[in-house]
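Keep the structure open as you read.

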Amino acid sequence: MGYQEYGIPQALVDRVKKKLQNDVYLERVKKVLEGVTKKDLQSRTKVKALLQKASKILGINVDTATSNKIIKFVIDQKIDPNNTFHMIKLWGMFR
């Protein structure tokens, strides 16, 4: 199931992808995500904190409704950052 089914706007995804093409932003976001575990990505509180940090770095305002949709999407994906298959699957969703 892709992010579109969760009601996450394509325009927002495009803005984030464009910002992350800049190496400065990319490195800052990577630093925020460094050490994140599968357990962290199943915690609503931690995902919300990560989203807030990333959106601040990228200078993108995410309203509460969209934020809740993104958090639900991340939790429902059951992402394991140490599993290469999961990372390839996510990469494919956002190409």
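Start at Lys46. This residue is partly exposed, with a relative accessible area of 44%. Its side chain meets that of Asp40 in a salt bridge, at 3.1 Å from N to O. Bear in mind that the model is a predicted one.

Now turn to the partner. Asp40 sits in the loop between helix H2 (23-33) and helix H3 (44-58). Is Asp40 buried or exposed? Its relative accessibility is 16%, so Asp40 counts as buried. The cut-off for buried is under 20% relative accessible area. Leaving aside residues up to four places away in sequence, Asp40 touches Gly35, Lys46 and Val47.

Side chains of opposite charge can pair when their charged atoms come close. How many salt bridges does the count give? It comes to 3.

Another of them lies in helix H2. There the side chains of Glu27 and Lys30 meet at 3.7 Å, N to O. Glu27 and Lys30 are 3 residues apart in helix H2, so about one helical turn separates them. Glu27 is partly exposed, at 45% relative accessibility. Lys30 is partly exposed too, with a relative accessible area of 47%.

Move on to helix H4 (residues 64-77). Lys72 and Asp76 both lie in it, 4 residues apart, about one turn of the helix. They form a salt bridge, and their closest N and O atoms are 3.0 Å apart. Lys72 counts as partly exposed at 45% relative accessibility. Asp76 is also partly exposed, with a relative accessible area of 33%.

Next comes the fold. The chain has 5 helices and 0 strands. From the N terminus on, the order is α-α-α-α-α. The radius of gyration is 13 Å, close to the 12 Å that the globule rule gives for 95 residues, so the chain is as compact as a globular protein of that length. Along the principal axes, the C-alpha atoms fill a box of roughly 25 × 25 × 25 Å.

Finally, look at contacts and surface. Among contacts between residues at least 6 apart in sequence, 65% join residues at least 24 apart. Buried residues make up 32% of the 95 residues. The chain exposes about 6600 Å², and carbon and sulfur atoms supply 55% of that area.

Key:
Residues are numbered from 1 along each chain as its sequence is written. This is a predicted model: local features need pLDDT of at least 70, side-chain atom pairs count only at pLDDT 80 or more; totals for chains, interfaces and linings use all residues. Side-chain values use heavy atoms; hydrogens and water are left out. Helices (H or I, at least four residues) and strands (E, at least two) are DSSP runs, numbered from the N terminus. Buried means under 20% relative accessible area, exposed over 50%, partly exposed in between (1.4 Å probe, protein chains only). Contact means heavy atoms within 4.5 Å. The radius of gyration is taken over C-alpha atoms; the globule rule is 2.2 Å times the number of residues to the power 0.38. Accessible areas come from the Shrake-Rupley method with a 1.4 Å probe; for residues, only the protein chains shown count as cover. A salt bridge is a side-chain nitrogen of Lys or Arg within 4 Å of a carboxyl oxygen of Asp or Glu.
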